[in-house]
Amino acid sequence: MDAAGIAFQILQSVFVVLAAPALLGWVNQCRAWLQNRKGPGILRPYFLLWRLFHKEAVVAHNASALFRATPYVLFGCMWLAAGIVPVLATDLPFAFAADIIALVGIFALARVFISLAAMDIGTAFGGIGARREMLIGFLAEPAMLMTLFTAAFLSGSTALTTIVETLAHREFAIHPGLACAAVAFLMVLLAENARIPVDNPTTHLELTMIHEALILEYSARHLALVEWAAAIKLFAYMTIGIALFVPWGIAEGSDWLGLPLAVAAAAAKLALAGAGLAVLETVSAKFRVFRAPEFLSTAFLLAVLGMLVHFLTDV
Amino acid sequence: MEIVWVLGVPLLGSALLALLGHKRYAPEINIVFSLATLVAAALLVVRVIGSGPMTAFDEQFFVDPFNVFLVALTCLVGFTTAVFSRPYMRVEEEHGRVTAVRLRLYHGAYQLFMFTMLVTLLTNNLGILWVAMEGATLSTVLLVSLYRTPASIEAAWKYFILCGVGLAQALFGTILIYFAAEKVLGGGTVSLLWTQLYEVRHQLEPTVMSLAFVFLLVGYGTKVGLVPLHNWLPDAHAEGPTPISAVLSGLLLNVALYAVIRSKVLVDGALGTEFTGQLMMGFGLLTVVVAALFLSRQRDIKRLFGYSSIEHMGIITFAFGMGGKVAAYAGLLHMTVHSLTKSGIFFAVGHAVQKTGTQNMADIRGLIERNPTIGWGLALGSLAILGVPPFGVFTSEFMILTTAMHEHPWATPFLLFGLAVAFAAIFGKVQPMVFGQSNARRLPHQPALLPVFLHLLLVLMLGLYIPPYLDQWYRQAAALIG
Amino acid sequence: MTEQWVNLAATILLIIAFAMLSQRRVLSLVRLFAWQGLVLSVSTAMVAYSTGQSHLWISAALTLGLKVIVLPIVLHSLIVRLNVRWDVEPLINVPTTMLAGIGLVIFAFALATPISQLAGTVTRSTLGIALASVLLSFLMMIVRRKAVPQVIGFLAMENGLFFAATSATYGMPLVVELGIALDVLVGTFVFGIFFFHIRETFDSLDIRHMEKLKED
Amino acid sequence: MNLASFPSAEAAVGIGLAWLALGAFSLLESERARFVARGVFPLSALVSFALAALALRTLGDPADTLTLPLGLPDLPFHVRLDGLSAFFLCLLGVCSFGITLYASDYFRSESVQKLRLLSLQYHWFLASMTFVLLADDAYMFMVAWEAMALSSYFLVVTEHRQGTIRRAAFIYLLIAHIGALSILLCFGVLHEAGVEAYSFDALRQAQLTPFWASVAFLLALVGFGAKAGMMPLHVWLPDAHPAAPSPVSALMSGVMLKTAIYGLVRVVFDLIGSPMWQWGLLVAGMGATTALFGILYALQQNDLKRLLAYSSVENIGIILVGLGLAMIFFGSGHPEAGALGLIGAFYHCLNHGAYKSLLFLGAGTVLRSTGMRNLNEMGGLIHRMPQVAGYFLVGSLAISALPPLNGFVSEWLMLQTALQAGQLDNGVLRSLVPLLAAMLALAAALTARCFVKAFGIAFLGQPRGVVSEHAHGHGEEDASLFERLGMAWLAVWCLVLGVFPSTVVGLLNQVSLSVAGAGLPPSALEAGVLWLVPSTQARASYGPIVFLLVIAVVVLITYVTVRVCFHGRLRRAPPWDCGFPEQTARMQDSSEGFGQSIRVIFAPIFRIAQRVPNPEDAQPKFELRVEDKHWHGFYLPIARAVEYLSARIGKLQQGRISTYLLYSFVTLIALLVFVR
């Protein structure tokens with residue numbers, strides 16, 4: 001761990017946190033375009049956050065400390081997650097603190113906190129939201145883990161940086177195991193980030209919403225942090241996907257010269273992924289809530305299959 | 001000399017109590033005589049420990065480690081039962097279940113029973129052994145029907161007929177042994193002396209001896225309570241007075257088994273095969289399994305523990321059947337702890353029944369609330385008899401099971417089944433009696449719980465520590481049998 | 001010479017055993033029992049005479065006193081006092097019982113033959129008969145449904161055993177014989193007491209009244 | 001003090017005796033309940049502390065043995081304190097310290113009579129667990145083992161007036177006893193001959209064919225599995241653990257179950273010596289099923305303590321998966337990976353001890369203070385008892401395997417073990433092992449859901465029911481001082497075990513070395529205190545300290561930034577009602593509701609009796625009963641078969657004397673025929 005490494009680490013973390021809302025904006029913009037709307041612009045999320053931070057927070061009478069602490073915890077978790085996923089470079093000293101398993105753990109921690117916070121007020125919707133969120137979570141989490149395991153088996157390591165390095169140096173070949181895993185990962189990504197077809201990020205219809213039900217009681221700065229964390233989460237997921245399945249172009253080591261190229265590559269890949277997400281969301285319709293487990297168990301199955309296929313083909 | 005005391009005291013007591021048994025102080029006399037017998041037995045034990053096996057009266061009586069420990073056990077349980085019976089029978093008298101005249105019979109026969117059992121244990125003559133065993137039946141049969149209820153008369157009748165017929169078979173077996181011995185030792189008394197027979201056991205005719213063993217096993221086995229010869233046992237235990245149930249279970253069965261084992265040693269010598277062992281293992285396993293299955297159907301508390309005795313006799317028979325030093329040691333130990341525990345349980349049961357006025361287990365509830373000592377006695381006693389450590393029953397079951405696993409693994413599933421079913425059956429019935437809402441009442445006489453806890457304490461001790469002299473006894477006896 | 005007489009006695013014993021098995025009347029049973037005792041006593045005396053075993057004389061006298069005189073009288077008076085003279089229907093009909101009895105005799109003979117070869121006594125061939133009469137008495141106890149015949153069966157079984165002892169071994173040692181006799185005597189008295197108790201409690205000596213203690 | 005000559009075995013035995021003495025002492029004290037609660041229990045806590053310290057100190061030392069002047073004639077009680085015992089003793093000491101402190105407050109309002117007995121049984125329970133862990137011969141082990149079952153049985157049946165509790169206790173003791181018999185037979189297989197040969201040293205020497213070794217293993221698995229709560233032998237656990245007073249539930253779940261794990265490890269790795277991978281597969285498979293079923297059932301529970309008990313079943317499953325993985329790897333010749341699995345299993349034992357005790361204690365205070373154990377009556381307790389809520393939250397997060405708390409570490413270690421599957425040569429194994437990892441992950445995610453339910457419904461939201469007037473609390477609503485101390489101790493352990501895993505793993509590595517003769521590769525141990533590394537840092541590492549620091553710093557920065565750059569204004573208002581103003585507390589999601597989706601997805605494994613009211617019902621009432629299928633599918637058929645058999649056998653004894661004579665006659669004839 002050297003100074004350059006730490007500098008890189010901090011740089012990347014800050015970059016991710018700052019860039020995350022832009023990605024969200026980009027996805028929304030793409031979606032608007034696809035739906036023949038004008039779209040609010042990429043920077044809209046920043047504006048929203050800014051406005052929320054300025055508002056006066058309104059909290060229910062019986063909210064406990066947990067309720068108020070959760071947005072910060074959430075934000076911290078996501079920041080950490082963003083800090084350990086190799087986006088720009090693979091030499092990240094913090095990455096040793098958390099491998100893929102810990103990464104899944106971080107997401108789980110965030111999920112548990114937001115679910116608890118949702119139940120804190122004691123309204124009917126909070127409870128429903130928490131229960132649905134945990135329903136998604138209990139299947140998405142292992143599916144995610146299995147996806148990552150396929151990569152881990154491939155590279156013989158669970159450290160993301162090592163995985164990425166190994167995969168980036170690999171000859172390009174269609175890897176059936178990895179392909180399964182990629183599909184599974186995509187499904188998990190959709191579910192975990194409250195995207196269509198599992199959830200609709202723009203709805204407030206009580207019977208179908210998940211994410212929005214969870215955060216119904218939040219306002220102002222709390223809401224801002226939660227939303228920002230959600231944006232980072234989406235960003236992190238996308239970068240994980242990129243790192244696992246299309247790792248090429250990332251800067252290895254603390255390579256300052258490679259940095260601009262890495263930034264460019266990352267931006268391009270993210271833009272593409274965001275657009276893809278928008279397309280996906282446009283062409284598909286939302287499932288009913290109780291179909292979500294089927295969707296996710298398919299993901300889980302695919303991930304496990306991917307792992308098994310890996311063992312059958314890569315002896 | 002001590003033998004005279006051991007045998008004379010109860011005989012004298014019997015005669016005296018036959019005259020004075022109805023008096024107010026008869027229970028105390030009973031206790032005194034039992035205590036005196038115990039003291040005499042203790043002296044005998046000291047003597048045997050000091051100078052080894054001995055014979056007396058022209059070899060008619062014989063003391064070795066095997067029977068002396070049973071004598072000590074018999075006298076001890078006889079004494080504690082006498083202590084227990086004092087308040088118990090007083091309460092029965094006050095409830096009008098027995099009259100003073102019958103108490104005379106009770107006390108006289110009690111001492112007579114002790115006498116016959118001690119004769120059975122101490123005699124060297126297989127013929128006398130048979131006579132004394134029959135005497136033990138005769139002296140207890142009228143005790144079983146002491147209450148003169150239809151059920152008790154039926155039980156006593158069955159006891160009498162079944163054991164009588166059984167013992168007739170044993171007599172035929174004894175005749176056959178005599179027949180075989182006659183050719184080796186010549187006729188006369190000498191041919192029935194166990195010590196003499198033991199010396200020449202290898203020369204005895206195998207065909208006759210194996211036939212003899214069948215008759216003896218069926219005969220004495222009836223008294224032991226081996227399935228399917230056991231049918232008298234639960235009835236007699238349930239319908240007689242509780243002190244009698246205690247001595248039947250605790251002592252009589254042991255003594256009958258003692259007779260079987262004495263014969264087994266001779267027959268083994270003659271045959272030189274594992275025939276007797278296999279027979280006993282088979283009977284033992286059958287007994288354990290069937291008794292366990294019977295256990296789960298019981299409603300009467302004393303019947304329940306009667307069946308439990310059958311089950312334990314099965315275990316002991318199996319142990320002796322396996323043979324070998326460890327198994328025989330375990331069998332002897334099991335005899336000891338079973339008779340201590342089971343008689344202790346019957347004491348507790350006796351008080352519980354008096355307190356609640358019923359033997360039906362469904363009507364006995366929550367002893368621990370109103371009568372903590374009885375409740376704890378019953379609970380701990382049942383756990384002990386079920387082979388839960390640290391009580392001594394576990395010690396012997398430990399040795400028996402591990403030896404069985406090592407030498408006869410095929411038998412262990414049966415044992416396991418028997419023990420598990422017995423546990424479920426007994427504890428499932430005892431627990432609601434001990435715990436829960438109470439329905440017991442107060443009694444005019446303080447229960448004598450000292451015997452219960454004395455027995456449990458002894459059994460607990462045997463589970464954790466076997467004193468060296470006792471160990472020596474067991475070892476010598478096991479060497480003799482195994 | 002003695003051997004033939006003893007064999008004759010044995011045969012009579014076997015016939016008596018069969019007769020008891022088939023006899024329906026209680027008093028006749030008691031009479032048969034007395035006859036059985038007499039034959040036993042006579043055969044014991046013959047053995048005693050031929051072998052010179054002095055204690056067998058005592059045995060013979062004991063048998064005569066106890067089993068020919070005392071027990072039949074006691075039984076007779078009990079029957080009279082309890083007024084249970086009526087006929088006894090066995091549980092299984094007589095022909096079946098007889099067939100089973102014949103089977104038992106064959107079995108007993110088969111069992112006893114190898115042992116008889118070993119015996120050095122003049123009476124050895126009777127061991128099979130002794131065993132057969134023991135088993136026949138056993139069978140009789142099984143098929144009787146009244147208390148008194150059952151007890152007579154029990155006593156007859158004792159007789160069979162006694163005969164086995166004499167025939168196979170020239171009798172057990174005297175001490176043992178005395179002890180056995182004492183037991184039989186006391187046993188009979190106890191039975192007597194029981195008859196009264198049963199009668200008092202159940203108004204009958206039918207042992208079918210005593211089938212209450214069972215698993216249900 | 002000279003390390004080598006320190007009589008550690010003597011000291012450990014002394015600690016066991018001290019507990020026995022404390023128990024006996026409280027029986028003597030018949031007057032002042034307060035004295036027992038305030039005097040005996042804190043003393044006992046000190047004893048626990050001493051035990052923990054002693055065990056920790058001797059963890060790496062060579063085995064210390066001792067022979068006691070008790071036991072069978074040729075087999076005096078052998079005592080041995082080696083790495084494995086020391087580790088589990090440490091677990092016992094650590095957990096019981098907190099629990100006993102807690103108990104001294106929890107029990108103090110009991111009547112003297114009850115408290116005396118409770119204290120006796122409680123301390124004898126502790127002592128018997130100590131002796132189980134110290135025993136070095138089959139006999140002492142069995143005695144201590146059953147004494148443990150017995151003392152805990154009496155503790156369970158404390159509230160004996162309730163029929164359900166009596167039934168629970170009975171089934172508990174029955175299964176414990178059958179399990180003990182199975183263990184006994186396992187020793188029977190292992191021992192050679194003679195009484196002397198029951199010492200563990202002799203059992204180690206036994207030369208067994210693979211068949212008999214497998215028999216021994218299976219018997220041990222059944223025996224210890226029954227105690228640990230392995231499916232399908234777990235049925236007693238969810239009934240018995242909640243029935244006991246809460247500190248006892250904590251001890252049983254937190255510590256007693258681990259003695260079964262100890263036993264299994266002792267027999268498989270130490271006495272039998274060389275595990276076969278097939279056994280490992282069986283154990284891991286049973287473990288994975290147990291874990292999954294356990295947590296799925298836990299999710300369906302409404303009784304908080306019952307939920308915790310089912311969760312214990314799940315955790316035992318996870319530990320078994322770890323053990324199974326270890327056996328697979330040891331059995332196929334990869335001791336380093338095997339050691340990792342073993343360490344993971346041990347770590348999970350420790351973790352479960354800490355957080356499950358904590359959770360039971362939290363549930364205990366709720367029960368004591370409000371009289372409630374049904375989740376559907378609770379709600380909003382965080383306002384009434386913030387302290388308990390805080391501790392319960394720590395426990396919930398820890399058990400949900402969330403970083404940076406301890407549950408995550410062991411989960412991580414086991415997943416890392418599963419990831420070593422690539423080393424295996426056997427193709428089937430190689431694809432099965434990752435499946436185990438998948439099951440583990442699924443179980444962990446379900447646990448999170450389960451504890452969100454437990455914590456959320458109990459502590460958050462609004463009160464659902466009326467607080468019982470008869471709650472046997474003593475005035476204080478929240479946890480009292482000693483209760484707090486006890487819970488704080490355990491909570492601190494949850495954190496410490498989570499944050500300093502490499503130190504713990506270093507210690508556990510010594511345990512693994514002592515019991516299985518293999519440890520982690522040196523590269524794993526050189527990584528330093530910051531990093532937890534299973535083999536090399538390039539392969540995998542986890543740095544909870546960094547992790548925690550980063551999150552803390554980020555949260556702090558965010559908080560400060562938000563406050564400095566913007567403002568901290570806050571307004572309290574009624575919750576948003578979505579335009580429907582008549583919301584009541586009953587409209588909150590219920591416990592059943594939270595389990596609903598799981599119930600639907602996994603419907604086949606539950607036995608569900610549900611009554612949904614008609615629209616026309618005047619008094620609509622929703623009823624739902626979810627039962628364990630094992631009871632109906634496994635135990636009842638056995639019970640019925642036994643009943644049927646015994647009914648058949650019962651016909652033998654139909655009261656007629658002629659028949660009895662016939663039996664005797666037939667027996668005689670049959671034997672005579674047989675002899676000929």
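What percentage of the 482 residues in chain B is buried? Buried residues make up 71% of chain B. The model described here is predicted.

**Chain B**

Chain B contains 19 helices and two strands. The C-alpha trace of chain B spans about 65 × 50 × 45 Å along its principal axes. A compact globule of 482 residues would have a radius of gyration near 23 Å, and the 21 Å of chain B agrees with this. Taking the contacts in chain B between residues at least 6 apart in sequence, 82% join residues at least 24 apart.

**Chain C**

Chain C has seven helices and zero strands. Read from the N terminus, the order of its elements is α-α-α-α-α-α-α. The radius of gyration of chain C is 18 Å, close to the 17 Å that the globule rule gives for 216 residues, so chain C is as compact as a globular protein of that length. The C-alpha trace of chain C spans about 50 × 35 × 30 Å along its principal axes. Of the 216 residues in chain C, 52% count as buried. Among the contacts in chain C with a separation of 6 or more, 74% are between residues 24 or more positions apart.

**Chain D**

In chain D there are 24 helices and five strands. The radius of gyration of chain D is 26 Å, close to the 26 Å given by the globule rule for 676 residues, so chain D is as compact as a globular protein of that length. Along its principal axes, the C-alpha trace of chain D spans about 105 × 70 × 60 Å. Buried residues account for 61% of the 676 residues in chain D. Of the contacts in chain D with a separation of 6 or more, 80% come from residues 24 or more positions apart.

| Chain | Span of the C-alpha trace along the principal axes |
|---|---|
| Chain B | about 65 × 50 × 45 Å |
| Chain C | about 50 × 35 × 30 Å |
| Chain D | about 105 × 70 × 60 Å |

**Contact between chains D and A**

This contact takes 69 residues from chain D and 68 residues from chain A. On the chain D side, the elements that each supply at least two residues are helix 14 (381–384), helix 16 (406–418), helix 17 (427–459), helix 21 (544–565), strand 3 (570–573) and helix 22 (591–601). Helix 17 of chain D provides the largest share of that side, 15 residues. By class, the side of chain D that touches chain A consists of 44 nonpolar, 18 polar and seven charged residues.

Strand pairing also links these two chains. Strand 1 (residues 57–60) of chain A and strand 3 of chain D run parallel and are joined by four bridges. Ala60(A) has Ala573(D), in strand 3 of chain D, as its bridge partner.

**Contact between chains B and C**

Here 38 residues of chain B are in contact with 37 residues of chain C. Helix 5 (126–144), helix 6 (150–185) and helix 8 (206–224) of chain B each supply at least two residues of the side that touches chain C. Helix 6 of chain B gives the most to this side, with 17 residues. The residues on the side of chain B that touches chain C are 22 nonpolar, eight polar and eight charged.

Definitions and conventions
Residues are numbered from 1 along each chain as its sequence is written. Chains are lettered from A and ligands numbered from 1 in the order in which they are written. This is a predicted model: local features need pLDDT of at least 70, side-chain atom pairs count only at pLDDT 80 or more; totals for chains, interfaces and linings use all residues. The radius of gyration is taken over C-alpha atoms; the globule rule is 2.2 Å times the number of residues to the power 0.38. A residue is buried if 20 or more other C-beta atoms lie within 10 Å of its own, exposed if 12 or fewer, and partly exposed in between; C-beta atoms are placed from the backbone. Two residues are in contact if their C-beta atoms, placed from the backbone, lie within 7 Å. Ala, Val, Leu, Ile, Met, Phe, Trp, Tyr, Cys and Pro count as nonpolar, Asp, Glu, Lys and Arg as charged, and the others, Gly among them, as polar. Two strands pair if DSSP finds at least two bridges between them.
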